Amino acid sequence: HAKLPDYHDPPKLRSCYRSELLHRLKLCGKEKDVSKARSIHADIITKGLLKDNVYIGSALIHMYAKCRSLTEAQEVFDKLLVRDVVTWTAMIGGFSDHGFTEEALKHYDEMHFEGIYPNSVTVICVLKACSSKKELDKGKQIHKEIVNNGLLAKDSVLGTALIGMYAKCGELGQAQEVFEELPIRNVASWSALISGYQQHGQAD
């Protein structure tokens, strides 16, 4: 593969290679090729390209999570000097996607504690982690945050995620309420609600 630049190379050259690097990491995650990813990761460390670079750090976390290597994703996360909402979301999403609910919610709370405000992608990842009776109270808390910040009127994807969360928890009345409050109802929101009713034997 192409040689990674030295950290002391001209900024334009480093920028060009970083773009290529992000593409390669994304490809590794898509192919779930963890051994190739580890090789690129080693080169990144050797060349000092991870220093204060949240984009590469987030891409590494996302890539390891896609490869189901959450221990390595966490190691990258822990070593980053700078973390932004994308970095936190990559870590939370990784845990949520693979069923590690407690870890996803723990990181969500830690993100708040560090003063990082979640974006809609973060919230969708956390709602996915709340899709069980055990975490219903947390899901309701997040629902309240969404309403208080006026996000439900702006983002139909968030509304669909809320409907799905309530439906999976068996709270069909709450799911119906969210659905009726949506300013725009699309195929995804209708499907989430109908699927919930079907799942709990209320297809009619």
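This report describes the fold, confidence, helices and selected residues of a predicted protein model.

## Overall architecture

The protein contains eleven helices and zero strands. Read from the N terminus, the order of elements is α-α-α-α-α-α-α-α-α-α-α. The C-alpha trace extends over about 65 × 30 × 30 Å along its principal axes.

Of the 204 residues in the protein, 44% are buried.

## Confidence

The average pLDDT of the protein is 86, and 90% of the residues score at least 70. Residues 5-10 have a pLDDT below 50, although this stretch has 15 contacts in the model beyond near neighbours in sequence. Where pLDDT is low, the predicted coordinates should not be read in detail.

## Surface and charge

The accessible surface of the protein amounts to about 11,100 Å², and carbon and sulfur atoms contribute 54% of it. Side chains of positive charge number 26, and those of negative charge number 26. The centres of these two sets are 6 Å apart.

## Helix α5 and its surroundings

Helix α5 covers residues 85-97, a run of 13 residues. From its first C-alpha to its last it reaches 17 Å, close to the 18 Å expected at 1.5 Å a residue. Eleven of its 13 residues are buried, so α5 is largely enclosed by the rest of the structure. The buried set consists of Val85, Thr87, Trp88, Thr89, Ala90, Met91, Ile92, Gly93, Gly94, Phe95 and Ser96. These buried residues pack against α3, α4 (70-79), α6 (101-113) and α7 (120-129).

Helix α4 is one of those partners. Its own buried residues are Leu70, Glu72, Ala73, Gln74, Val76 and Phe77, and they pack against α2, α3, α5 and α6.

## Ser58 in helix α3

Ser58 is located in helix α3, which comprises residues 54-66. Ser58 counts as buried because its relative accessible area is 6%, below the 20% limit for that class. Leaving aside neighbours within four places in sequence, Ser58 is in contact with Asp84, Val86, Thr87 and Ala90. Two residues in that list, Thr87 and Ala90, are also among the buried residues of α5.

## Helix α1: Ser19 and Leu21

Helix α1 spans residues 11-31 and includes Ser19; Leu21 is found in helix α1 as well. Ser19 has a relative accessible area of 48% and is therefore partly exposed, this class lying between the 20% and 50% limits. Leu21, in contrast, is buried at 0% relative accessibility.

Ser19 and Cys169 are 150 residues apart in sequence and 41 Å apart in space. For Leu21 and Met111, the separation is 90 residues in sequence and 27 Å in space.

## Met165 in helix α9

Met165 belongs to helix α9, residues 156-168. With a relative accessible area of 0%, Met165 is buried. Not counting residues up to four places away in sequence, Met165 touches Leu127, Cys130, Ser131, Leu136, Gly139 and Lys140. The C-alpha atom of Met165 is separated by 8.6 Å from that of Ala129, a residue 36 positions away along the chain.

## Loop residues with positive phi

Most residues other than glycine have a negative phi. Lys32, which is not a glycine, has a positive phi of about 55°. Lys32 is placed in the loop between α1 and α2 (34-47). Its relative accessibility of 52% is the reason Lys32 counts as exposed, the limit being over 50%.

Arg68 likewise has a positive phi, near 65°, in a residue other than glycine. The loop between α3 and α4 holds Arg68. Arg68 is exposed, its relative accessible area being 58%.

Definitions and conventions
Residues are numbered from 1 along each chain as its sequence is written. This is a predicted model: local features need pLDDT of at least 70, side-chain atom pairs count only at pLDDT 80 or more; totals for chains, interfaces and linings use all residues. Side-chain values use heavy atoms; hydrogens and water are left out. Helices (H or I, at least four residues) and strands (E, at least two) are DSSP runs, numbered from the N terminus. Buried means under 20% relative accessible area, exposed over 50%, partly exposed in between (1.4 Å probe, protein chains only). Contact means heavy atoms within 4.5 Å. Accessible areas come from the Shrake-Rupley method with a 1.4 Å probe; for residues, only the protein chains shown count as cover. Lys and Arg count as positive and Asp and Glu as negative; His and the chain ends are not counted. The place of a charge is taken as NZ of Lys, CZ of Arg, CG of Asp or CD of Glu. pLDDT is the predictor's confidence in each residue, from 0 to 100. The expected span of a helix is 1.5 Å times one less than its number of residues.
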